[in-house]
Amino acid sequence: MSALTSIVKLTINISIGTIAALKMITRPGSILLVFAHPDDESSLVSGTAAKYTRRGIPVDLICATGGEKGTRLDVPSDVDTATARVVELRAATNVIGIRNIYLLGYVDGDLGKVDPSEVADRILKIMRDVCPEIVITFGPDGISGHPDHIAISRAATAAFEKFTESGSGPCKLYYVTIPASMLAEIGSEGVKRLATRPDDEITTTIDISGYFDIKIQALEAHKSQQDARLVAEMLQSAKEGGWEPRESFLLASPEPTEKEIDLYD
Ligand SMILES: [Zn+2]
């Protein structure tokens, strides 16, 4: 064997070994949740987030507002609502296992009045720091139609598009959604009118049956919030009634090709 052939063979062997080693250490990238208010994360995606954190996948949260317009159940009069809510948010995210919370500090109800490019740029900066593989936010309907939900959906989507344009990836964008069948199954009495999707439009369904208690605990951590308490009670009775818990998403990017039961499919 000539010296040149030996060098070529050695190089090929090292390359194969390096690729194998890289495959062994390559882990799925992180998940970035982008929501408007403290408690959005718990009511919509806490089961999914808990499931992936228990697999060792980091999950981070951007929360755009302080939730100042929320209810103040059992909040002492000398504590302002935003302060109480951030304490509750930290408790909820500890239950879920979320790694970092990024608070953008906008005022609850005012997000739609802020320059959308400013919000998108701030989200983009966090995306560049965190480099998520998966981004989850509201869809254009904002589920409850709250203007802050719609504004954060637009800003997160714009940030995601810029992030992926720059060649970062692989990266997927999901919109959280509620299948029409779900409200029929667990009831919707007392819940604000919510946008739902026909079940056949849902692209991604995550079974959270091992994480249902975590979801209920995360909601209960937002104890000053009437809606969070109500949803926790509804889920608790659904659980007792044998409902199979799941969270549902629309894959917004890339174009969906088939139904998924895992965000990393
Ligand atoms: Zn909200």
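1. The largest nonpolar core holds 65 residues, and Leu33, Ile123, Ile152 and Tyr174 have the most contacts inside it. Such a core is a set of buried Ala, Val, Leu, Ile, Met, Phe, Trp, Tyr and Cys residues joined through C-beta atoms within 7 Å. Buried means that 20 or more other C-beta atoms lie within 10 Å of the residue's own, with C-beta atoms placed from the backbone. Helix 6 (residues 147–165) gives the largest share of this core, eight residues.

2. This is a predicted model: local features need pLDDT of at least 70, side-chain atom pairs count only at pLDDT 80 or more, and totals for chains, interfaces and linings use all residues. Residues are numbered from 1 along each chain as its sequence is written.

3. The protein chain has nine helices and seven strands. These are DSSP runs, numbered from the N terminus: helices are H or I with at least four residues, strands E with at least two. Of the 265 residues of the protein chain, 42% count as buried.

4. Leaving aside neighbours within four places in sequence, leucine 33 is in contact (C-beta atoms, placed from the backbone, within 7 Å) with Glu41, Val45, Ala49, Val59, Leu61, Ile62 and Ile136.

5. Helix 8 (residues 212–221) packs with helix 9 (residues 226–240) at about 155 degrees, their axes 8 Å apart. Axes are lines fitted to C-alpha atoms, for helices over the stretch in contact, and angles run from 0 to 180 degrees between N-to-C directions. Helix 8 and helix 9 are therefore roughly antiparallel (an angle over 145 degrees).

Notes. Angles under 35 degrees count as roughly parallel, over 145 as roughly antiparallel, 65 to 115 as roughly perpendicular and the rest as oblique. A residue is buried if 20 or more other C-beta atoms lie within 10 Å of its own, exposed if 12 or fewer, and partly exposed in between; C-beta atoms are placed from the backbone. Two residues are in contact if their C-beta atoms, placed from the backbone, lie within 7 Å.
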